[in-house]
Amino acid sequence: MIKNNCYFESANYQISRLISTIDRESISKTYGCCDRTFWAWKFTDFPGSRYQEAIYALSWIYKNKTRNNKFYKNYLIKEWIKSGLKYWQKLQHQDGSFDEAYPNEKSLAATSFTSFYLGEAFLLIKDEFDISFISDIKKNFCKAGDWLCKNDETHGILSNHLSAAAAALTIIYKITNQKKYYDRSLFFLKRIFKHQSVEGWYEEYGGADIGYQTHGCFYLARVWQLTKNAELFSSLKLSIKFISNFIHPNLTIGGEYSSRNTNFYFPAAFEILAPHIKQA
């Protein structure tokens, strides 16, 4: 049992709300869709693929026994996880990509983020699935990985997107054991390193953005956790040193002086790296 998980204690209040975003009607054409604005309210004309990332949260609560987790090993949660993975399969283009903002966008961000979170979910509970489903969905991860091997993001340097691409490819490598995906993840890491300032910030549309840097650092920290890449560790150490200068006296972070004006904060990277980097 996981004890004293402060993050779960906070998130637990939102789990039922998250479940309500999923189409749980097994005879529905959109069974497993996590975009409630599409399947329930009909406010949008197509489902956003990134809503499927909710499936990772369900996988975590299904797999981990912790205090007040009433969803641990719940058979309905398992069915909804599988339905969410299957709906993600339906959303994938033939070339392996996914859309985010509009149909046929073929977005690097959507392909990267969804492949990462759905891949992590799959790795968590793959032992619960039958062999035919495992074999089938591995093909989807390969298609996503192949698309990421052939495509890049060219409209600007968004290091958090590139970090997600590197993380997705690392996870797909773990799922498939095909080294080409690991090699391609290094390509995205090198692009991030190339554009990292000597001050430590990762580029976001031409400058530093504190909020997005905490976001991108999570994916990089996860890659480091899985690969122990020394160059990546050095980059993260410099990044965290930079971020430490932007925690305000009232404990907010970032804001209007950043390139994208964000002041959100993702703590995951610092939790991963705290045992290894003092400033984390």
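## The nonpolar core

A nonpolar core is a set of buried Ala, Val, Leu, Ile, Met, Phe, Trp, Tyr and Cys residues joined through side-chain atoms within 4.5 Å. Buried means under 20% relative accessible area, exposed means over 50%, and partly exposed lies in between (1.4 Å probe, protein chains only). This is a predicted model: local features need pLDDT of at least 70, side-chain atom pairs count only at pLDDT 80 or more, and totals for chains, interfaces and linings use all residues. Residues are numbered from 1 along each chain as its sequence is written, and side-chain values use heavy atoms, with hydrogens and water left out.

The largest nonpolar core has 81 residues. Which of them touch the most other members? They are Leu58, Ile77, Ile81 and Leu236. Contact means heavy atoms within 4.5 Å. Beyond its neighbours within four places in sequence, leucine 236 is in contact with Tyr202, Cys217, Leu220, Ala221, Trp224 and Leu273.

## Overall fold

The protein chain has twelve helices and two strands. These are DSSP runs, numbered from the N terminus: helices are H or I with at least four residues, strands E with at least two. The pattern along the sequence is α-α-α-α-α-α-α-α-α-β-β-α-α-α.

The radius of gyration is taken over C-alpha atoms, and the globule rule is 2.2 Å times the number of residues to the power 0.38. For 280 residues, a compact globule would have a value near 19 Å; the protein chain has 19 Å, which agrees. Its C-alpha atoms fill a box of roughly 55 × 45 × 40 Å along the principal axes. Of the 280 residues, 52% count as buried. Among contacts between residues at least 6 apart in sequence, 68% join residues at least 24 apart.

## Helices H4 and H6

Helix H4 spans residues 54-63 and is mostly covered, with seven of its ten residues buried. Those seven are Ala54, Ile55, Leu58, Ser59, Trp60, Ile61 and Tyr62. They pack against helices H1 (6-11), H2 (15-19), H5 (75-91) and H6 (108-125).

Serine 112 is found in helix H6. Is serine 112 buried or exposed? Serine 112 is buried, because its relative accessible area is 0%. Setting aside residues up to four places away in sequence, serine 112 touches Leu148, His161, Ala164, Ala165 and Ala168.

Arginine 67 lies in the loop between H4 and H5. Arginine 67 counts as exposed, at 51% relative accessibility.

## Salt bridges

A salt bridge is a side-chain nitrogen of Lys or Arg within 4 Å of a carboxyl oxygen of Asp or Glu. The whole structure has twelve. One of them joins glutamate 120 and arginine 222 (2.7 Å, N to O). This pair links distant parts of the chain: glutamate 120 is in helix H6 and arginine 222 in helix H10 (residues 210-227), 102 residues apart. Glutamate 120 is buried at 10%, and arginine 222 is buried at 19%.

Aspartate 183 and lysine 179 also meet in a salt bridge (2.8 Å, N to O). Both lie in helix H9, four residues apart, about one turn of the helix. Elsewhere, salt bridges that share partners join Arg50, Glu53 and Glu100 into one network.

## Cysteines

A disulfide is a pair of cysteine sulfur atoms within 2.5 Å. The structure holds zero disulfides. Cysteine 33 is in none; the nearest cysteine sulfur, in cysteine 34, is 6.6 Å away. Cysteine 33 is buried, with a relative accessible area of 1%.

Cysteine 149 is partly exposed, at 23%.
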